[in-house]
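Hi,

Here is the structure I promised to pass on.

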Amino acid sequence: MIYLQLFFTFLRVGTFAFGGGYAMLSLIGDSVLGYGWMTEEELLNFVGVETVIPGPIAVNMATYVGYEQGGFLGALLATIGVVLPSFIVILIVIALIKNLLKYAPVKAFIASMRPALGGLILSVAGTMALTVFFGIDTAKNSHFAFDWRTLVVLAVVVLVPFVWKRIKKKEFSSILLVVMSGVMGMLLFGI
């Protein structure tokens, strides 16, 4: 029966493919080509389109192949099959961490990770700021090229939520902020 075949095929992909979407591609490709669910050309086209589709490649592939082979139920079963192993692993990790947090050394370890993670985030933010605002992307490539348009977008993105909160006494929508910055980017940098 096609529904069980879809579920167990993508369950195997979700269980044994490690390393992220493109690392999973060989196992996914072997499976869908082996069953004749896609041709090599269709697989290559899907991978090309996948680069602009949001979401993980394994989930998108499972949903697409499942729908093509078994309609809505096929898409649902294939998608559940590919995400079920990760879901179970996460549940186990959560259960273990909850029990492990009782111990002082584990709490100390996690507490010591916070400043390190904060430092990593600040490092990435600083590097991105140097690249975006001043054109400095490496120590060797340190040409100074200040971009006033980037500063305008940053100022608006920081000031609008601040002023909004002062006036309206509530948070500014982060979705609206992303849309607003996208529109400003198109206007300032050209479409």
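**What I found**

Let's start with the largest pocket: α4 gives the largest share of its lining, three residues. Bear in mind throughout that this is a predicted model. Helices α1 and α4 (57-100) each put at least two residues into that lining. If you sort the lining by type, you get five nonpolar residues, three polar ones and no charged ones. As for volume, the largest pocket comes out at about 150 Å³.

Next, a residue I'd like you to click on: Thr9. You'll find Thr9 in helix α1, which covers residues 2-16. Is Thr9 buried or exposed? Its relative accessibility is 2%, and buried means under 20%, so Thr9 counts as buried. A polar atom of the Thr9 side chain sits 2.6 Å from the backbone oxygen of Gln5.

Which residues does Thr9 touch, once neighbours within four places in sequence are set aside? The contacts of Thr9 are then Ser31, Tyr35 and Trp37.

Ser31 belongs to helix α2, residues 21-34. With a relative accessible area of 4%, Ser31 is buried as well, because the cut-off for buried is under 20%. Leaving out residues up to four places away in sequence, Ser31 is in contact with Thr9, Arg12 and Val13.

On aromatics in general, the search of the whole structure finds five aromatic pairs. One of them is Trp164 with Phe172, an edge-to-face pair with 5.3 Å centre to centre and 75 degrees between the planes. How accessible are the two partners? Trp164 has 31% relative accessibility and so counts as partly exposed. Phe172, at a relative accessible area of 15%, is buried, because that value falls under 20%.

That's what I have for now.

Cheers

Technical notes
Residues numbered from 1 in each chain as written. Predicted model: local features only at pLDDT ≥ 70, side-chain atom pairs only at ≥ 80, totals over all residues. Heavy atoms only, no water. Helix = DSSP H or I, 4+ residues; strand = E, 2+ residues; numbered from the N terminus. Buried < 20%, exposed > 50% of the residue type's maximum accessible area, 1.4 Å probe, protein only. Polar contact = N/O pair within 3.5 Å; in protein donor to acceptor, adjacent residues only side chain to side chain. Contact = heavy atoms within 4.5 Å. 1 Å grid on protein atoms, 1.4 Å probe; cavity = no way out; pocket = protein on both sides within 12 Å on 5 of 7 lines; lining within 4 Å. Points joined across faces, edges and corners; volume = space filled by probe spheres on them. Nonpolar A, V, L, I, M, F, W, Y, C, P; charged D, E, K, R; others polar. Phe/Tyr/Trp six-rings, centres within 6.5 Å; stacked < 30°, edge-to-face > 60°.
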